[in-house]
Amino acid sequence: MTAESALPPRLGEIVEDFQLAEGSEKLELLLEYARKLPPLPDWLRDRRDAMDQVHECMTPVFVVAENRDRKLVFHFDVPPESPTVRGYAALLEEGVRGATPEQILQIPGDFYQEMGLQDVLSPRRLQGVHTILAYIKRLATKELASSELQSDSSTPHTI
Amino acid sequence: MTQSNQEYARPDVLVETDWVAEHLNDPNVRLVESNEDVLLYDLGHIPGAVKIDWVSDLNDPLVRDYLDKERFEQLMSQKGISNDTTVVFYGDKNNWWATYAFWVFQLFGHTNAKIMNGGRKKWIDEGRELSTDVPQYPPTQYTAQERSDHEIRAFRDEVLQALKQQNVALVDVRSNDEYTGKKLHMPEYPQEGALRGGHIPGAQNIPWATAVREDSTFKSREELEQIYGTKGITPDKDVIAYCRIGERSSHTWFVLTYLLGYDKVRNYDGSWTEWGNGVGLPIEK
């Protein structure tokens, strides 16, 4: 099994787009993602304090997992003055939207190596994508645990 | 809040946002934005400013070192900077990468350099204009000196020697958690890229951002003298500042050298990512 086949389909496509982009085009692509990170939905806007902060990030990144019948949607809040981190968050958000917790847990921890961002970003900057992936996996694990506990509940919930 | 920059030892190295706004079209001035985040400039910058990135522009791609004289000359030419251009640096996060770029420029002797007090944040908070146009300037002929590593840059072995000397003052400008060694790893990742946590023996801890106010401008000379002086970081000492990779410590280097007028301040850019991993190097917790 190749690394790509373990990725949710949309994330696989995004990785491929980055592979095809050359040099500074990779950064432009990341910037496009940074620009299109969806704003928090209304129901979360007043509840940002209830969201989990990814403490390992130097940039304040808030994330919440919404479970829509075992398909996860992540909502991120990242300050606009951190476009690189926003870009990662946005590509992960789009890439894993609607994936099951199992699919998310299968994403190889180094999937972003395939994107070739290490050529244009320093290791410290790459750490951001690693950290956010590790964090959404943690949330996916929690979802998995709670869905096993309440397997007949179909009510969407957040953590 | 307004104070005169004249109180600083070298008031000429600091300009205010008003000054920059008045010099946007001055052909003898080149604005340089340097940020931690490589994409931030592209979202909007001061009109006419060029971007200099600490990784892709200032670091050597293969050796852990800075660019050499030839590459610095090429970079200056590309950015439209001549030997007599006044270069004004500004950037995100209290100007930390701006002072880093300023410091690298000093390795090549470009002394006609300034920092915009308050950085990118203050410019934006004041509601001033931003542009996404990337300016192109005619290439220049720039002649740099060979990189001079001995006045303002400290190396590992020099720091090791310094531990035995009385007149040396080491200042660790990282957060207190990094200094005490409490913070090193995060789940699944070595946060500092270092094997051990702690600090260089004898170093005092004065986090770099202690030197700025809420609005990112530098504190007054009196306040700064108090902050550094009470910890024994005084002008009679041979001061060496360090952090993780030398960016935060270039900010402190700038404060001590230009705002307080210390004669001998060096930035140890190997910093904790070298010292914390170095074989045979003593640490303290």
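Reader: Which residue's side chain makes a polar contact with the side chain of Thr217(B)?
Author: First, this is a predicted model: local features need pLDDT of at least 70, side-chain atom pairs count only at pLDDT 80 or more, totals for chains, interfaces and linings use all residues, and side-chain values use heavy atoms, leaving out hydrogens and water. Residues are numbered from 1 along each chain as its sequence is written, while chains are lettered from A and ligands numbered from 1 in the order written. A polar contact pairs N or O atoms within 3.5 Å, one able to donate a hydrogen and the other to accept it; neighbours in sequence count only if both atoms are side-chain atoms. At 2.6 Å, the partner of Thr217(B) is Asp215(B).

Reader: How many residues of H5(B) are buried?
Author: Helix H5 covers residues 96–107 of chain B. Its buried residues include Trp96(B), Trp97(B), Tyr100(B), Phe102(B) and Trp103(B). H5(B) is mostly covered, and the buried count is 12 of 12.

Reader: Which side chain is joined to that of His130(A) by a polar contact?
Author: His130(A) belongs to helix H6 (residues 123–149) of chain A. Its relative accessibility is 14%, so His130(A) counts as buried. Across 3.0 Å, the side chain joined to His130(A) is that of Tyr112(A).

Reader: How is H2(A) set against H4(A)?
Author: H4(A) spans residues 83–96, and the two axes come within 7 Å and cross at roughly 80 degrees. Among the residues that meet are Leu30(A), Tyr33(A) and Ala34(A) in H2(A), with Tyr88(A), Leu91(A) and Glu94(A) among those in H4(A). Angles under 35 degrees count as roughly parallel, over 145 as roughly antiparallel, 65 to 115 as roughly perpendicular and the rest as oblique. So H2(A) and H4(A) are roughly perpendicular.

Conventions
Helices (H or I, at least four residues) and strands (E, at least two) are DSSP runs, numbered from the N terminus. Buried means under 20% relative accessible area, exposed over 50%, partly exposed in between (1.4 Å probe, protein chains only). The expected span of a helix is 1.5 Å times one less than its number of residues. Axes are lines fitted to C-alpha atoms, for helices over the stretch in contact, and angles run from 0 to 180 degrees between N-to-C directions. Contact means heavy atoms within 4.5 Å.
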